[in-house]
Amino acid sequence: MPPAHPFDDDKLKEECGIFGVVGVSDAANFIALGLHALQHRGQEAGGIVTYDHEQGFNSARRMGYVRDNFTNSEILKTLPGTVGIGHVRYSTAGNKGQTAIRDVQPFFGEFSMGGAAIAHNGNLTNAEALRRDLISQGAIFQSNSDSECIIHLMARSMGKNIPDRFEEALRKAEGAFSVLGMTRTKLMGVRDPLGVRPLVLGKVGDGWALASETCALDIIGAEFVREIEPGEMVVISSKDGVQSFFPFRPKKSRFCIFEHVYFSRPDSILGGRSVYETRSQIGVELAREAPVEADLVCPVPDSGTPAAIGYSQESGIPYGMGIIRNQYMGRTFIEPTDAIRNMGVRLKLNVNRALIAGKRIILVDDSVVRGTTSRKIKDMLLDAGAAEVHFRIASPPTAWPCFYGVDTPQREKLLAANMSEAEMCKYLEVDSLRFISLDGLYRAVGVAEGRDPANPAYCDACFSGDYPVPPTDMLDKGFKTAAE
């Protein structure tokens, strides 16, 4: 796999995407389309497993984009069947940024009552402890992924069937997980008790689909039925339809608020809310909290666009595409030498000089992680003749790492963990810098009274340091949360 583009190194990686179908002919074709719609959630690798009553289980795992692998009819012919699951990934666990084919999901296991495969979006916070215990009991791991623990736990379960083993395995898991499983006839889906990661149910013809986001249902023409509830497990078959269970002790939902800010596609629906409309409302709240005199509101494309539109509408300052994104850049096409790294952002973004020159610019972006890209974009605007550059960020300062399925840098590498807002403004060398407040973000996602510190409605650990699930493995290594 080519090295990541230097621009991407300053963005949070969008966890993983999962998609599965049952009761449809040529399941692999549906899965490939669904994974293509979820490509934004993982761009390092992808895989598909299907079952056919004549050929049994078949799988294909490839490095790179879905479009470069699973649009090939010869590959899809090797994946017959009416049930299957698929996965696209970033390396949120295991070899981060160094994906090996052995780490690519779905993972498959053969049990006494038949085979099963699983695909996981999220991160198990007790994976290292589980792995040590399993290895001490004789388990032989084939990958560096935390998700493989689930297969080994299923193998050791005494459940009378695979869905029972699936349930028992996940009872031992801690952290954030939306997991798909499949047997020869069934498609299974589970969300963790807090519902940190998304999972939705759709109806496609006489069959059913489970996906990370509703946009993946749209691409196959499936009807969105509902979200899988936090702590819910569904077992779906052509014979019995959708069966629902709640195997975990009930807890108050803590869905990841950053899904609304950045991870999910703007045309998806989360919690009954349009992601696009939520991001636009973030811009409205940001304009109310952090007004500034300027001539033009510009987004950092594409993730800053809806918030910039909202900011423009609320402030009355015109909106313009001051930065144009090269849609075909993808990853670096040549080895990133120092010279190439220095022009990294310019390979992906270009300033619309005719629009920028002489103007006071409000630049809206989704987040600031290390700050390296923000500085480069600011320099590009000034080089193009901008009179002033004012940064407005559509999320609170990212000051804490995520342990629930997002590949974030270590805390000491996060700009907001080491600097105040004023210090960050000086470091970025911009005329002003303002982040939306945590209360403002909560208002934008529909919580009118803002964040309740005693009982938050969302997981916002990357902003607050309030981890709803103790990051067991990291605590064992000495990590300190905000509460400590």
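Reader: Which residues of helix 6 are buried?

Author: Buried means under 20% relative accessible area, with exposed over 50% and partly exposed in between (1.4 Å probe, protein chains only). In helix 6 the buried residues are I162, P163, R165, F166, E167, A169 and L170. Helix 6 spans residues 162–171 and is mostly covered, with seven of its ten residues buried. Helices (H or I, at least four residues) and strands (E, at least two) are DSSP runs, numbered from the N terminus. This is a predicted model, where local features need pLDDT of at least 70, side-chain atom pairs count only at pLDDT 80 or more, and totals for chains, interfaces and linings use all residues. Residues are numbered from 1 along each chain as its sequence is written, and side-chain values use heavy atoms, leaving out hydrogens and water.

Reader: What covers the buried residues of helix 6?

Author: Look for contact, meaning heavy atoms within 4.5 Å. The cover includes strand 5 (107–111), strand 6 (114–124), helix 5 (148–156), strand 7 (175–182), strand 8 and strand 12 (233–237).

Reader: Which side-chain oxygen reaches a backbone nitrogen at the start of helix 6?

Author: A polar contact is a pair of N or O atoms within 3.5 Å; within protein, one must be able to donate a hydrogen and the other to accept it, and residues adjacent in sequence count only if both atoms are side-chain atoms. Here a side-chain oxygen of N161 comes within 2.8 Å of the backbone nitrogen of D164.

Reader: And R191: is it buried or exposed?

Author: R191 has a relative accessible area of 3%, so it is buried. R191 belongs to strand 8 (residues 186–191), and a polar atom of its side chain lies 2.7 Å from the backbone oxygen of I228.

Reader: Now to packing. At what angle do helix 9 and helix 10 pack?

Author: Axes are lines fitted to C-alpha atoms, for helices over the stretch in contact, and angles run from 0 to 180 degrees between N-to-C directions. Helix 9 (residues 275–289) and helix 10 (residues 305–315) pack at about 45 degrees, their axes 6 Å apart. Therefore helix 9 is oblique to helix 10. Angles under 35 degrees count as roughly parallel, over 145 as roughly antiparallel, 65 to 115 as roughly perpendicular and the rest as oblique.

Reader: Which residues of helix 4 and helix 5 meet?

Author: A127, L130, R131 and L134 in helix 4 touch C149, H152, L153 and R156 in helix 5.
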